[in-house]
Amino acid sequence: MAIQHEEAFETDLCEHLAAHGWEYSPTAEEYDRERALFPKDVFAWLEATQPEQLDKLVKPGASKASRELGRKQILDRIVAAQANDTMNGGGTLGVLKSSVGVLNAKFSLFQARPATSLNPTTVERFAANKLRVVRQVTYSTKNTNRIDLVLFVNGLPVATIELKTDLTQSLTAGLKQYAQDRKPEGEPLLSFGRGALVHFVATNEEVHMTTKLDGPNTRFLPFNRGKNNGAGNAAMPGTSPTAYFWQEILERETWLDLVGRFLHYRFTEKTDPIDGKKTYDKALRFPRYHQWRAVSKLESAVFAEGPGHNYLIQHSAGSGKTDSIAWAAHRMAQLHNTDGQKMFDGVIVVSDRQVLDGQLQRAVEQLETTSGVFQPITRGGDASKSAQLAEALLAGKQIIGVTLQTFPHALDAIEEHTGLAGRRYAVIADEAHSSQSGEAAASLKQVLTASASDTDSDTIDAEDLLADVMARKVGIGRISFLAFTATPKGKTVELFGREDATGTKQAFDLYSMKQAIEEGFILDVLKNYLPYDLAFNLAHTDAATGLDVEIDIAKAGSEVMRWVRLHPTNIAQKVAVIVEHFRANVRSELGGRAKAMVVTGSRKEAVRYKLAIDAYLKDHKLDGDLGTLVAFSGGVADTESGPEEFTETSLNPGLKGRSLETAFAGDEFQVMIVASKFQTGFDQPLLVGMYVDKKLSGITAVQTLSRLNRVIPGKENTYVIDFVNDPIEILAAFQVYYEDAELTEPSDPNIIHDMLTKLRSMSIIDPHDIDAVVHAWLTKSSHNTLYSHIKASRDVFRDRWKDAVDSSDDLEKGRLEEFRGTVFAFVRAYDFLSQIIDYGDTDIEKWAIFLRVYRRAIEREDSDPSAVNTDEIVLTHYRLRKLDAQNLGLTSGSPGELAGITAAGSAQPREAKYGLLQDVIDKINTLFAGTDVDEINGVSAAETILRHVVDNPKIQAEAMANTPIDFETSPTIVAELEDVGPPPSFGPVAVRVVGFRLMGALPSVVDGCEVAER
């Protein structure tokens, strides 16, 4: 036997298993290929664990023929149970997890690891499980094909392994062997459900696995540890990089855990969009390596540390977080300490309703042998949910599922109900499916404390909620938090991260974006990134008087830019690009089923984009070809677009009672226009294109563009068209989360002292009022007493603000604004930093209590009036130009850097700067002048485009060399029109106009434009 060949590799692996608790059969002589069982082990297990049941059929003292008949009856019933539908408890896994009845006997074929050691019988039965590896198994009754290794548990097949050494073969050869030569039809060992549960291809460098053989459609998944935060496996000293497979995964107790506490079925209901017929997809869930690692590490750490600790699991999109959460929830619910007492009285899972009511609930029910373990609280109003929660918590339900909106009520119940005093809980938060925006976020903020309610974001997610819980100090030492997120914020890493050897906080477990991309579980959305360059010029219609008014320059600049963004020309130009790019590039993907998302900067912009796209489709007779939906919360008043308030319902008449997600999943709608809503936590694998007209940065940029990265068979490309963002900034945002995100700049606890100094220096808050409010707050003695002392300091602030306004003292207004900002910043910072450091100063705590109430009393009463009247501003020139498409290449080797709170409330007050409106317009014109923006970019849409195209020498040559009819199909003119950015009305008629103009058939450009417009 040559040492470099596969046979030697096979021998090494088998001998290792034989030395670590496995039975080893060098040949397959005792294998029953017709039944796909190893009968010797079936009966060895039954004799060791259930002799009294076995004696009912294989009776001691009976004749040999009678005993053989009894054995045959047992084996045949096992095979029959394996052949039953997996949805009805059949299949190999069903047989292992339940029992098999044979006449008057009942047999259990497997013992999972017991939760405690209090029952010696189950401990002994767990130790009696018989594992066997069999070499060179001729598995078929139809041919002599062999599989290198087959693994059995108590005589039932659980895995097959094809080995390939990288010295003579390759991983691809093993994958092809399964796909082409291991046809499952009619093969008991290879049939899904009936046969082995998982199939591996292992080489020296990599391991891949699948739970379903399906000929050429077989999908193998990497089962690798990772290398440099990417795909593959790192070197292991003195052995192959894949040695972890037999040393860790096939270690006796690990393998029994995988079979007994990880494997479960997922049944997904599917509805045919044409005939409405419902069917089920059946899949067996076997953990990928990082899922097994994370759940096993969590169980070990919680067992060692006990309740009251935090764990941050940074797993990228595409990591299978829902399965990981189901496994983690099940483990936490079953975990006992060394005394045999449950570690937690319950597990609370925070996710969205669809996940809680569907995939997660079914997964937990599959993992559990008793029913009713999981209870989702997803129906009814807030009062109803609160009652359900209290009832479930008091009843000791093992796992309770709540939405982000409901979770604060769970905390209230834990904090206030005497029957729950002292109980311990594990809280598992699913960031990917837990976010709220718009009115839902505003409603949620009302029940949160400062840590989350003061966030500047218009979206609330699970990370904000967990930070809020810790600020409230609910269940200190009794609640463990397990946060699953792909893109942790700095505050999340600071609160939940763990220090490495250098003191840098990082995730408890990491599965990086880099590894997910390299392993093919998500797509790199930055590969096809197409930025556009915007240039324009503004003017004022009332040059005589309108430009002489003094205004706040900063506010006026913001308002003018908002006006530009909503300008019909701006939206119309971009709509033309969006629709034509979608038709030319995106629509054909996925067999014509591809979809796109348009990301807008505000709800009003979303409304106008919806109206403009629908109008474009109708004008170009495309409304029967493409359908659009718009998503935003609440209602939008836009008198320029219509007299009535716009809502999702009024703008989406095609919903017909369906949710936006359900409607968009069908074939009726291809484009979704969004404003915050659905930018995060929205999984639609058919999304291929994204058109971005909103400023994005940091984590928001990553979460938004990552809507495109979901994988589906046939999906290879994604397209990002970005009208406003700098590609360099987008790349930098993704780079933070490409590998591991670390807290490189911790929060500075001393900023609390700096902010207190600033607040005291303003002499607005009386220390006597602070003492009185704190006393009333802590004793809950008198609402009116508390109010009177809050009012005293509030009136000082209001009086000084009024005096500053009346005297036009902008510097004093700036100092008061800074005071107000520092009050809010102090509460937010103290609630966060007090979780990290004990200040040991009751005076600081008093200020925190006072300011938490006081901040609401000094909120702005009304928004400032508009700084400028935009009715008299006109857009004179406009150009939207396509730049070169880019592959924004992410780079390896450096961790993402996150920062904590370092300078809250320390900014200097902004003194309003006043100037003329002309100054504002000139400044904006300078910033957006671009290059080559001259008179041919004047805003008369058809004239602008026509002038650009007429001046093109290639177009001129083609027009002179062809007839008008031939010229209409010119690819050159189509490309030039796309580069220029055509207006909505610029269609085939305009193409003919260009041809005629160049041939001298039209006397002037202006006349040509009139024809085009008609």
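Good morning. Please bear in mind throughout that the structure before us is a predicted model.

Where does N228 sit in the chain? N228 belongs to the loop that runs between β9, residues 221–222, and α8, residues 243–249. The backbone of N228 has a phi near 55°, which is a positive value in a residue other than glycine. N229 is found in that loop between β9 and α8 as well. Phi of N229 is near 65°, again a positive value in a residue that is not glycine. As for the surface, N229 is partly exposed, with a relative accessible area of 27%.

Let me now turn to the protein as a whole. The protein has 1014 residues, and 54% of them count as buried. Its secondary structure consists of 38 helices and 33 strands. The accessible surface comes to about 43200 Å², and carbon and sulfur atoms account for 50% of that area. Consider next the contacts between residues at least 6 apart in sequence: 74% of these join residues at least 24 apart.

Which residues touch the most other members of the largest nonpolar core? They are F200, F223, F245, W255 and L705, in a core of 109 residues. The element that gives the most to this core is helix α26, residues 727–738, which supplies 6 residues. Apart from this core lies another one, of 49 residues, and V575, I578, A606 and L626 are among its members.

Leaving aside neighbours within four places in sequence, F200 is in contact with F223, F245 and W255, among others. The contacts of F200 also include A159, T160, I161, E162 and Y178. Further along the chain, V207, H208, M209 and F286 are also in contact with F200.

The next topic is charge. How many salt bridges does a search of the whole structure find? The search finds 42. I shall present three of them.

In one, the side chains of E253 and R113 meet, with N and O 3.1 Å apart. E253 lies in helix α9, residues 252–262, while R113 lies in the loop between β3 (105–108) and α6 (120–128), so the pair ties together parts that are 140 residues apart in sequence. E253 is partly exposed, at 36% relative accessibility. R113 is likewise partly exposed, with a relative accessible area of 28%. Both residues also belong to a network of salt bridges that links R113, E253, D257, R261, E299 and R331.

Another salt bridge joins K846 and D771, whose closest N and O atoms are 3.4 Å apart. Here two helices are involved: K846 lies in α31, residues 842–857, and D771 in α28, residues 767–779, so the pair ties together parts 75 residues apart in sequence. K846 counts as partly exposed at 29% relative accessibility, and D771 counts as partly exposed at 40%.

The remaining example is the salt bridge between the side chains of E812 and R800, at 3.3 Å from N to O. E812 lies in helix α30, residues 810–833, and R800 in helix α29, residues 783–806, so this pair ties together parts that are 12 residues apart in sequence. Is E812 buried or exposed? E812 is buried, with a relative accessible area of 16%, because the limit for a buried residue is under 20%. R800, by contrast, is partly exposed, at 23%.

K715 is buried yet has no salt bridge. The nearest side chain of opposite charge belongs to E589, and it is 9.2 Å away. K715 makes no salt bridge with E589 because a salt bridge requires the nitrogen and the oxygen to be within 4 Å. What, then, lies around K715? Not counting residues up to four places away in sequence, K715 touches L523, L590, P685, L687, V688, L708 and R710. With R710 there is a further detail: the backbone oxygen of R710 lies 2.8 Å from a polar atom of the K715 side chain. In the chain, K715 is placed in the loop between α25 (698–705) and β29 (719–722).

Thank you for your attention.

Conventions:
Residues numbered from 1 in each chain as written. Predicted model: local features only at pLDDT ≥ 70, side-chain atom pairs only at ≥ 80, totals over all residues. Heavy atoms only, no water. Core = buried A, V, L, I, M, F, W, Y, C linked by side-chain atoms within 4.5 Å. Buried < 20%, exposed > 50% of the residue type's maximum accessible area, 1.4 Å probe, protein only. Helix = DSSP H or I, 4+ residues; strand = E, 2+ residues; numbered from the N terminus. Contact = heavy atoms within 4.5 Å. Lys, Arg positive; Asp, Glu negative; His and termini not counted. Polar contact = N/O pair within 3.5 Å; in protein donor to acceptor, adjacent residues only side chain to side chain. Areas by Shrake-Rupley, 256 points an atom, 1.4 Å probe, with all protein chains shown as cover.
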